[in-house]
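Hi,

Here is the model I promised to pass on to you. Have a look at it first, and then read on for what turned up.

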Amino acid sequence: MSYLSDLLGKAYKEGMTEDEISAALETVGQGNDAEVNRLKAALSKANSEAADYKKQLRSKQSDDEAAAAAQKEEQERIAKENADLKRTIALTERKSKLLAMGYDETLATETATAMVDGDMDKVLANQNKYLEVQKKAIQADAMRKTPRPAAGDDGTGGSMDYAKKIAEAQASGNLTAAAYYTRLQAQEAANQTDD
């Protein structure tokens, strides 16, 4: 009878007749249907909640992915700004050094840009331009320092005082000039004897 009491639960009573047991079994069966329906409803509710959570997770993943993309874009922007700043600093440093060497503003800017970009052909071409400018400046300075010749007759009859020039050249150690003036002096003496 223990099986019957387990099956009927609270509806079981000692000494039940067969009709009472059948009636009790029917109510227990109905109770089971109600329990099954209740469990089905709970399962359906759990499934719909799981679907809602899944949708929320998907939307959150999209938000997370969007946040990750925005963060990556920000990092790329910062890296570009950093590279631009480093380039500007390098250009400024090189340009200031070139200006200190005597480059003009335009040539210093072009050369500094070529240095930063690694264009050595342009750097060397600009170096040649700089050297030409320096060479011309040195020649112009030497011309400015050269004394002007005296105007008119110096009392030597239009001839140069070669003895004085030879002495000056020897005193300054310029043997080439001394030899040159000695030759000119000899030529002038030969020309005067021919006359």
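Lys-122 and Glu-110 form a salt bridge through their side chains, with N to O at 3.8 Å (a salt bridge being a side-chain nitrogen of Lys or Arg within 4 Å of a carboxyl oxygen of Asp or Glu). Because Lys-122 sits in helix α4 (residues 120-145) and Glu-110 in helix α3 (residues 105-117), the pair ties together parts that are twelve residues apart in sequence. Lys-122 is partly exposed at 33% relative accessible area, and Glu-110 is partly exposed at 32%. Here buried stands for under 20% relative accessible area, exposed for over 50%, and partly exposed for anything in between, with a 1.4 Å probe and protein chains only.

Before going further, please note that this is a predicted model: local features need pLDDT of at least 70, side-chain atom pairs count only at pLDDT 80 or more, and totals for chains, interfaces and linings use all residues. Residues are numbered from 1 along each chain as its sequence is written, and side-chain values use heavy atoms, with hydrogens and water left out.

The search of the whole structure finds eight salt bridges. Another of them joins Glu-81 and Arg-77, at 2.4 Å from N to O. Both residues belong to helix α2 (residues 18-101), where they are four residues apart, about one turn of the helix. Glu-81 is partly exposed at 41% relative accessibility, and Arg-77 is partly exposed at 39%. This pair is part of a network of salt bridges that links Glu-74, Arg-77 and Glu-81.

Within α4 you will find Asp-141 and Arg-144, three residues apart, again about one turn of the helix. They form a salt bridge whose closest N and O atoms are 3.4 Å apart. Asp-141 counts as partly exposed at 29% relative accessibility, whereas Arg-144 is exposed at 62%. As a reminder, an α-helix has 3.6 residues a turn, so residues three or four places apart point the same way.

Now for the inside. Which residues of helix α5 (residues 162-171) are buried? They are Tyr-162, Ile-166 and Ala-169. These residues cover an arc of only 65° around the axis, which puts them on the same side of α5 (the arc is taken from the directions from the helix axis to the C-beta atoms). Just after α5, Gly-173 has a positive phi of about 80°.

Tyr-162, Ile-166 and Ala-169 also belong to the largest nonpolar core, together with Ala-177, Ala-178, Tyr-181 and Leu-184, for seven residues. By nonpolar core I mean a set of buried Ala, Val, Leu, Ile, Met, Phe, Trp, Tyr and Cys residues joined through side-chain atoms within 4.5 Å. Helices α5 and α6 (175-194) each supply at least two residues of this core, and α6 gives the most, with four. Apart from its neighbours within four places in sequence, Ala-178 is in contact (heavy atoms within 4.5 Å) with Ile-166, Ala-169 and Gln-170. A second, separate core has six residues, including Leu-98, Leu-107, Ala-108 and Ala-112.

As for the overall picture, the protein has six helices and zero strands, with helices (H or I, at least four residues) and strands (E, at least two) taken as DSSP runs numbered from the N terminus. Of its 195 residues, 13% are buried.

Enjoy looking through it!

Best wishes
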